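Dear colleague,

Please read the notes with the coordinates open beside them.

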Amino acid sequence: MGKNQKERAKERREKRREDISEQRKIPYTDQQRWWCSETIAVVTGSNRGIGYEIARQLATHGLHVIITSRDIDSGKAAANTLRQELEGTNVDVHQLDILDPSSVTGFAEWIYQTYGGIDILVNNAGVNYNLGSDNSVEHAEKVIATNYYGTKRMIEAMIPLMKASTFGARIVNVSSRLGRLNGRRNRLGDVALRELLTDESTLTEEVIDRTMAKFFEEVRIGSWTSGLWPQMYTDYSLSKLAVNAYTRLMAKALSNRLDGQKIYMNCCCPGWVKTAMTGWAGNSPVEDGADTGVWLALFPDQPVTGKFFAERREINY
């Protein structure tokens, strides 16, 4: 990419960020606000970074927000900060480690006993051990166990607790463009596998899990650099590829629910955001990174489902 192209790309990014910031200033009308102070929104991994900002923006809109954190003290500190910033806001906090099945089960039981269910689930919790030009798969199993299997565990646990509503319950999965199947960069080199994961008639949970197992095996024997897997942040990219595929799969299954029992599920890419996960090297402020996830959670019109969004625009898987 030449200098002029880079400059133009930078200008386009800045213009989109400015547009998003302006759109965020436009208040929802009374007709658009389907939620109220008793609408329950759970945000995983919300003690810091994008998760905290998603929780903050949802609380700003008047929802009752549940902050979750692996470390309960960090979660309590985040909740206290939010309460101080937004006086009178409804914020609760609970320990949650999406890697731990007993923690997820305990959280689900607490939600049911305390609130009877939830209206919105934002799956933000995730890990990435690669920064800059690094591309180690040393932590591949933990990355995929957290980002994909942990997210799936939360969805399975929360679906029975999603409240019936004429507006539909919402699940938003924070993902990444790095996990795109058909992007020009970083896509799967295995054409047959890519087609299997792309085609809705062949996409199954077994296919997704089998893909992860195949990758783990190649990591074990050291052949994962064959060119068949994404070449940038390989383990993280694959974990998000799995999240994207699972989103499509579950959104389709949930779309068969009767009116009043609908659950709309989408995923979004926050972009390269200035947070601890990027070593503070991102090019977007956290407010913009959280925006699309909040926008999807609050979508006022007939919601879409099974789609992938970035900067409030649909993008291809």
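In which sense do strand E1 and strand E2 pair, and over how many bridges? In this predicted model, strand E1, which covers residues 40-43, and strand E2, which covers residues 64-69, are paired in the parallel sense, and four bridges join them. Within this pairing, the residue that stands opposite Ile-40 is His-64 in E2.

These two strands belong to an open sheet of eight strands, whose order is E3-E2-E1-E4-E5-E6-E7-E8 and whose pairing is mixed. Its edges are formed by strand E3 (91-95) and strand E8 (313-315), each of which pairs on one side only, and from one strand to the next the twist averages 25°.

Turning to the helices, helix H2 (residues 49-60) lies across E1, E2, strand E4 (120-123) and strand E5 (169-174), and the direction in which H2 runs is at about 170° to E1.

Two packed helices are described by the angle between their axes and by the distance between those axes. For H2 and helix H3 (residues 72-85), the packing angle is about 35° and the axes are 11 Å apart, while the crossing in which H2 passes H3 is right-handed. On the H2 side the contact is made by Tyr-52, Ala-55, Arg-56 and Ala-59, and on the H3 side by Ala-78, Thr-81, Leu-82 and Glu-85. By residue class, the contact of H2 with H3 comprises five nonpolar residues, one polar residue and two charged residues.

Key
Residues numbered from 1 in each chain as written. Predicted model: local features only at pLDDT ≥ 70, side-chain atom pairs only at ≥ 80, totals over all residues. Heavy atoms only, no water. Pairing = 2+ DSSP bridges. Axes fitted to C-alpha atoms, helices over the stretch in contact; angles between N-to-C directions. Contact = heavy atoms within 4.5 Å. Left-handed = near helix turned anticlockwise from the far one by under 90°. Nonpolar A, V, L, I, M, F, W, Y, C, P; charged D, E, K, R; others polar.
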